[in-house]
Amino acid sequence: MKILIADDHQLFREGLRHILTLYVEASQIVEASSFAEVIEAGERESGIDLALLDLTMSGGPWPECLRKLRHLLPSPAHIVIVSDVADRSAVNLAIDLGASGFITKASSSQVFLAALNLVVAGGIYLPAEFADPGNQLVTATVEVPNTHLTPRQREILSQLKTGKSNREIATDLGLAEGTVKLHVTSILKALSVRSRTQAALLA
């Protein structure tokens, strides 16, 4: 996927880039820090599949930018608002103007990724508090699925968060190192991650 990240805070853009690099097959990530740069990117870059757009950048108003970006991007492309501006009128207007989702910045990375999966699959994501049952929009809310870990696996996962090795965990919990290694392998599989670092981030 070719993804446009548009936010006026560099640290937030770097955070999104990190999450997307870890969990999404992004062939290229383009960044913008203002609405003017968003439009420039839309005109300059071909093949953008997903645009993540904040609403509080300079060069607004944001509805006009969203309208222009929707016109510039090919129809299969998705625009998702990622913003701390989260009132019902803004959410509804963004969807009316062609956004496929609205994710608040207070969301966890797991909810963020689950919402993107829903959008890419053709759905529309709205936070639960803004999903109006009387609205005719095709809306859906996302819940992070419960991960079924045994009590022992959860105990080991909590140790992984601190960066301990298998040997250190085995010593702390009174287990054989080989047993800990088997548990770690099961934990990675259950969390659908490839490394101890990713498991620690999810924990």
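Which right-handed unit do β4, helix α4 and β5 make? They form a β-α-β unit, with α4 spanning residues 88-96.

**Figure 1. Confidence of the predicted model.** The model is predicted: local features need pLDDT of at least 70, side-chain atom pairs count only at pLDDT 80 or more, and totals for chains, interfaces and linings use all residues. Residues are numbered from 1 along each chain as its sequence is written, and side-chain values use heavy atoms, with hydrogens and water left out. The mean pLDDT (the predictor's confidence in each residue, from 0 to 100) of the protein is 83, and 89% of its residues reach 70 or more.

**Figure 2. The open sheet of 5 strands.** The strand order is β2-β1-β3-β4-β5, and the pairing (at least two bridges found by DSSP between two strands) is parallel. β2 and β5 (101-104) are the edge strands, each pairing on one side only. Neighbouring strands are turned by 20° against each other on average, direction ignored. Helix α2 packs on this sheet, where it touches β1, β2 and β3, and its direction makes about 145° with that of β2. Axes are lines fitted to C-alpha atoms, for helices over the stretch in contact, and angles run from 0 to 180 degrees between N-to-C directions.

**Figure 3. Strands β4 and β5.** Strand β4 (residues 78-83) pairs with β5 in the parallel sense over 4 bridges. Ile-81 stands opposite Phe-102 in β5, and Val-82 stands opposite Ile-103. In a regular strand the side chains alternate between the two faces of the sheet. Both faces of β5 are covered: Gly-101 and Ile-103 on one side, Phe-102 and Thr-104 on the other, are all buried (under 20% relative accessible area; exposed is over 50%, partly exposed in between; 1.4 Å probe, protein chains only).

**Figure 4. Helix α2 (residues 35-44) and its buried residues.** Phe-35, Val-38, Ile-39, Ala-41 and Gly-42 are the buried residues of α2. Seen down the helix axis, they fall within an arc of 160° (taken from the directions from the axis to the C-beta atoms), so they line one face of α2. Glu-43 and Arg-44, on the other side, are exposed. The cover over the buried residues includes β1 (2-6), β2 (28-32), β3 and α3 (62-72).

Key:
Contact = heavy atoms within 4.5 Å. Right-handed = clockwise from strand over helix to strand, strands pointing away.
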